[in-house]
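Reader: I have a chain open on the screen and would like to go through it with you. Can we start with the overall picture and then look at some details?

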Amino acid sequence: MDPNPIELIFLGTGTSHGVPMIGCHCPVCRSDDPRDRRNRASAAVRAADGWVILIDAPPELRLAAVACGLERVDAICFTHAHADHIMGLDDVRRFNDISGATIDCYSDAGTRRRLREVFGYAEVSYEAAPTYRPSLRFGLIDSPRAICGLEVIPVPLLHGNQPVLGFRIGNMAYCTDCSEIPPASWDLLRGLELLVLDALRHTPHPTHFNLAGALEVVGRLRPGRTLLTHITHELGHRATSESLPENVALAFDGLRLAVGP
Ligand SMILES: [Zn+2]
Ligand SMILES: [Zn+2]
Ligand SMILES: [Zn+2]
């Protein structure tokens, strides 16, 4: 597999409501710190040769892509089919037009079923797709596979009692929307240089790690660095950052970093 570093770009780091939340006047929703403005959660992974894997397609995908200068998507890995992770998928037709190719989508079988219910109109080859439709191919990822020249390892996680996927690519793992790591998945997350992990808020939640739960996971896995995502307005960027241990930080929209092979 690719021996070069990858680039990780955070397109969104917010919970399903986004931050600011509609009709909320709390200090974080009214903050003028740009790191307190959070699109729904998504990231892009750029391989050294320029190929890009998108992780999830949230409602602000177009705005986030424009803001981050993301001009290419070659494949999409879906963690699960909640609305905040799939409802921007129609926007990828622009990437179809730029590359002139169908985009491969990878998910578990349950997510593929939901994607076909909502976006079945897009399961068409690029040559046959009118310009107002994306061109997508819905595949499965139930074991490690090569995508865009990178080895992508699906990491089964639990989001409440719903099975979802995290993804490990090289020494980076992206684990959003989870509240439990099943026993068999811990070994898939050993030796990470970077862990991206759900940390919704301080208050416990039935389907997401809260900050204390996320820090427990960090204590067990001891990755080189951890960036927290899928964040509500309970966690103001500056105040929360000051309280975090060394090597743990809140991610923010637009953050990009290189991760070694
Ligand atoms: Zn979510
Ligand atoms: Zn608020
Ligand atoms: Zn979810």
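Predicted model: local features only at pLDDT ≥ 70, side-chain atom pairs only at ≥ 80, totals over all residues.

Author: Residues are numbered from 1 along each chain as its sequence is written, chains are lettered from A and ligands numbered from 1 in the order in which they are written, and side-chain values use heavy atoms, with hydrogens and water left out.

Reader: What box do the C-alpha atoms fill?

Author: Roughly 55 × 40 × 35 Å, taken along the principal axes.

Reader: How many helices and strands does the chain have?

Author: There are six helices and 14 strands. These are DSSP runs numbered from the N terminus: helices are H or I with at least four residues, strands are E with at least two.

Reader: What percentage of the residues count as buried?

Author: 53% of the 261 residues. Buried means under 20% relative accessible area, exposed over 50%, and partly exposed in between, with a 1.4 Å probe and protein chains only.

Reader: And what share of the contacts is between residues 24 or more positions apart?

Author: 64% of the contacts with a separation of 6 or more. A contact is heavy atoms within 4.5 Å.

Reader: Let's move to α1. Which of its residues are buried?

Author: Helix α1 covers residues 61-68, and its buried residues are L61, A64, A65 and C68. They sit on the same side of α1, because they cover an arc of only 100° around the axis. The arc is that of the directions from the helix axis to the C-beta atoms.

Reader: Why would residues three or four places apart point the same way?

Author: Because an α-helix has 3.6 residues a turn.

Reader: Which residues are exposed on the other side of α1?

Author: R62, V66 and A67.

Reader: What do the buried ones pack against?

Author: Two kinds of element. The strands are β1 (6-12), β3 (52-55) and β14 (256-259), and the helix is α3 (93-99). Just after α1 comes G69, with a positive phi of about 70°.

Reader: Now α5. Which residues are buried there?

Author: L211, G213, A214, V217, V218 and L221. Seen down the axis of α5, these buried residues fall within an arc of 165°, so they line one face of the helix. E216 and R220 are exposed on the other side.

Reader: What covers the buried face of α5?

Author: The cover includes β11 (194-198), β12, α6 and β13 (248-250).

Reader: Which residue takes a positive phi just after α5?

Author: R222, with a phi of about 50°, although R222 is not a glycine. R222 is in the loop between α5 (211-221) and β12 (225-229).

Reader: Is R222 buried or exposed?

Author: R222 counts as exposed, at 68% relative accessibility. D56 also has a positive phi without being a glycine, near 75°. D56 is in the loop between β3 and α1 and counts as buried, at 0% relative accessibility.

Reader: Changing topic: where is the cis peptide bond?

Author: Between V19 and P20, with omega about 0°. P20 is in the loop between β1 and β2 (42-46).

Reader: What is C29 in contact with?

Author: Leaving aside neighbours within four places in sequence, C29 contacts V19, P20, M21, C24 and H233. C29 lies in the loop between β1 and β2 and counts as buried at 8% relative accessibility.

Reader: Last one, H237. Buried or exposed?

Author: H237 is buried, with a relative accessible area of 5%. H237 lies in helix α6 (residues 237-243). Not counting residues up to four places away in sequence, H237 touches D33, R35, D36, R38, L250, A251 and F252.
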